[in-house]
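Me: I'd like to learn how to read a two-chain model feature by feature. Can we go through one together?

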Amino acid sequence: MSFFKRMKEKITGTNEAVTEKFRDGLTKTRDQFTSKVNDLVARFREVDEEFFEELEDLLLQADVGFETVMELIDELKIEVQRKNIKNTEGIQTVISEKLVEIYESGEEANSDLNIQEDGLSVILMVGVNGVGKTTTIGKLAARLMAEGKTVMLAAGDTFRAGAIDQLVVWGERAGVEVIRQSEGSDPAAVMYDAVHAAKNRKVDVLICDTAGRLQNKVNLMNELQKVRRVISNEVEGAPHEVLLALDATTGQNALVQAETFQEATNVTGIVLTKLDGTAKGGIVLAIRKKLNIPVKFVGLGENMDDLQPFDPEKYVYGLFANELDKQFEADK
Amino acid sequence: MAFEGLAERLQGTLQKIRGKGKVNEADVKEMMREVRFALIEADVNLKVVREFVKTVSEKAVGSDVMKSLTPGQQVVKIVKDELTNLMGGEQEQIKFSRKSPTVIMMVGLQGAGKTTTSGKLATLLRKRHNRKPLLVAADVYRPAAIEQLETLGKQLTIPVFSRGTDISPVEIVRQALEEAEKEHHDIVIVDTAGRLHVDEKLMQELADIHELSSPDEVFLVVDAMTGQDAVNVAQNFNETVGITGVVLTKLDGDTRGGAALSIRSVTGKPIKFVGVGERMDALEPFHPERMASRILGMGDVMSLIEKAQDNVDEEKAKELEEKFRTQSFTLDDFLDQLQQVKKMGPLDELLKMMPGAGKIKGLENAQVDEGQMGRVEAVIQSMTSKERTAPEIINASRRRRIAKGSGTTIQEVNRLLKQFEEMKKMVKQMTNMQQRGKKRMKMPGFDSFFK
């Protein structure tokens, strides 16, 4: 059975609306990327060295990064040899398969959040400045509410002007309580308060916002560690999730971000934001490969419901949707 | 360090060439491969890299690189010069309108740092150019964006014009311009909402604001960490509103910032400012040469020197120099030194700015122990002033007391005293050398205190 067929079967079983969302959100990305792949396939009849060089460029332009691209190309070359693919017609399937394989890196990708059956679960949101932590929290709160959970937010960004107000607005939109102190107060103290409030009110999930910080600011990273410590001292096993928000437009520095935040706070998952632009966020491939941090959610727009669980197959589907549709037509 | 600099990368290639005496075209080609690699790792757009490498190769082959004794250095120099040239050679000033007010529009993607930069820019214009800016809150979309600008305005005591979120940004700007005229503001900074460059509706809105206010400057605010997509972003914004300059933000991170080169080469518009910190005065003019070094991973010596100049008291430095000469350098002075270095920021950050710091033995993984520095401080602070000026009086019982007082051990106290003695000796040798005309100023053994 062909890859596309298998994928189709997987997808038809899932929620149409979600798939739709992925498609719409990724339209720009997909248009650019697929049209380039198509160009490539059309231009080259044979799968030769030149073809691979072009493919290499294509992936580099998606911010995948040199090392990962080289590894990917090498693997593809082996695959092509093994399957004895001579012309470019069959290559597209191999490329998509390989991309999914890297995302899954040997294990079934699991984008579920670690939410406790009973008792409080704490989610800590971290990341550099301007990646969309607060917005993601708003969307995530709405998502969890829709799943029937009770949610509370902690306004841990006491540094940036207006950050608390921003979270409060999102709290109102989602209809959840926001625990806050005044601007400039100690974020660790906010967390302490919030954890206790969450325990008292018996909410299911507490999502903690933190101030954006560049990963090379030692003091600020120490502060983040302290915040984490306060949470883990108050709730056993907490934080249950530490989500790193990554801007899809970010280049190779994202890998350094993931590495440093991983060291400081033990990141459990990535939220890839702003994927509705033309940026492809290819660096998550490298991050998954090198640090084995899975992508748990992607941000595909500005609406409340534009946060979707990351599904590598759908992601690749989004990238190659045009091609898939063509195959479906042909099958009929 | 996560990324190697170009110089280090070229080392490998050069080693092969070294024995040959002469460099041929193939060698240059190999070096250019390294250049390409370094630039892509620095997030310079692939197409820009290709063009750049082509230009540089031609220059390298055509010039005297082949005959040069140090072809590697020569190639690095050509690459760096070319980068510097491309990024704009001269520094660009803000263009003020002859007719007041000068209107500056801030545009960019979400989270690039437009609002923060607006605040910084207003501060800079007031301080350096003696202007009276008005900040305009035209971001009616992001929750609390207006509050953010208002809070900044309050902190900076710069007036902010806002009309809530229920009227259109175009109307807000129109009213703000009236207000500016009435209140005699000579600068109007319009903080627009972050938007995707592919969002046609919102891009049209920007075009409308542009048409209404005919701004003198349109600054595209770009995150320095932006990857390959920087060219698309810059191109689209430039086509829609015709940007006049670029502000590169978050450059205090550890990104190479190749986006700077990408944007410059696709728009041809100068980078006017860089954001280098969270404080409101952390907006600096753009220095193409420093950026070139940074993209190539060659260290940022100029910034280091400037940082030192900003933080080191010149008077004190002179005093210290005098003390060196007369060899009356005491532990007090040493403590002073220590505190000045600390003021300059986290030590490992400083080390990263030093070219080749990654190469110095023992500094490869430059994790300077700031705690160790604190301990040294504590030891000195636990001494009496007499002990600090004449450490030779410190006997066993004094050592015990100092160790106890500083919460360290006698061994640590001993080590510090010994190192201080050695340092004094070396200073003595050095000053002698200097007197004999050999100018070699180096801080001997200073680093050994922190290991």
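Reply: Helices (H or I, at least four residues) and strands (E, at least two) are DSSP runs, numbered from the N terminus. Before going on, note that this is a predicted model, where local features need pLDDT of at least 70, side-chain atom pairs count only at pLDDT 80 or more, and totals for chains, interfaces and linings use all residues. Residues are numbered from 1 along each chain as its sequence is written, while chains are lettered from A and ligands numbered from 1 in the order in which they are written.

Me: At what angle do helix 4 and helix 5 of chain A pack, and how far apart are their axes?

Reply: Axes are lines fitted to C-alpha atoms, for helices over the stretch in contact, and angles run from 0 to 180 degrees between N-to-C directions. Here helix 4 (residues 49-60) and helix 5 (residues 66-82) of chain A pack at about 145°, and their axes are 10 Å apart.

Me: Which residues of helix 4 and helix 5 of chain A meet?

Reply: Two residues are in contact if their C-beta atoms, placed from the backbone, lie within 7 Å. From helix 4 of chain A come A:F52, A:L55, A:E56, A:L59 and A:L60, and they meet A:F66, A:V69, A:L72, A:I73 and A:K77 of helix 5 of chain A. By class, that contact has 8 nonpolar, no polar and 2 charged residues. In this scheme Ala, Val, Leu, Ile, Met, Phe, Trp, Tyr, Cys and Pro are nonpolar, Asp, Glu, Lys and Arg are charged, and the others, Gly among them, are polar. As for spacing, an α-helix has 3.6 residues a turn, so residues three or four places apart point the same way.

Me: Now the interface. How many residues of chain B are in contact with chain A?

Reply: On the chain B side there are 35, in contact with 32 residues of chain A. Helix 2 (25-41) and helix 6 (145-156) of chain B are the elements giving two or more residues to the chain B side, and helix 6 of chain B gives the most, with 5 residues. By class, the chain B side has 14 nonpolar, 12 polar and 9 charged residues.

Me: What does chain B look like as a whole?

Reply: Chain B has 19 helices and 8 strands. Of its 451 residues, 41% are buried. Buried takes 20 or more other C-beta atoms within 10 Å of a residue's own, exposed takes 12 or fewer, and partly exposed is in between, with C-beta atoms placed from the backbone.

Me: Is B:E211 buried or exposed?

Reply: B:E211, in helix 8 (residues 200-213) of chain B, is exposed, because 10 other C-beta atoms lie within 10 Å.

Me: How should I read the length of a helix?

Reply: The expected span is 1.5 Å times one less than the number of residues. Helix 9 (residues 230-241) of chain B has 12 residues and reaches 16 Å from first C-alpha to last, close to the expected 16 Å. Its buried residues include B:V231, B:F237 and B:V241, and what covers the buried residues of helix 9 includes strand 1 (102-108) and helix 10 (259-267) of chain B. Helix 9 of chain B is followed by B:G242, with a positive phi near 60°.

Me: Which residue other than glycine has a positive phi?

Reply: B:A144 does, at about 65°, in the loop between strand 2 (133-138) and helix 6 of chain B. B:A144 is also buried, because 22 other C-beta atoms lie within 10 Å. In chain A, phi of A:K274 is near 60°, and A:K274 counts as buried with 28 C-beta neighbours inside 10 Å.

Me: Where is a cis peptide bond?

Reply: One runs from A:A238 to A:P239, with omega near -10°. Another runs from B:S100 to B:P101, with omega near -5°.

Me: What is the mean pLDDT of chain A?

Reply: pLDDT is the predictor's confidence in each residue, from 0 to 100. The mean for chain A is 82, and 78% of its residues reach 70 or more. Over residues 321-328 of chain A, pLDDT stays under 50. Where pLDDT is low, the predicted coordinates should not be read in detail.
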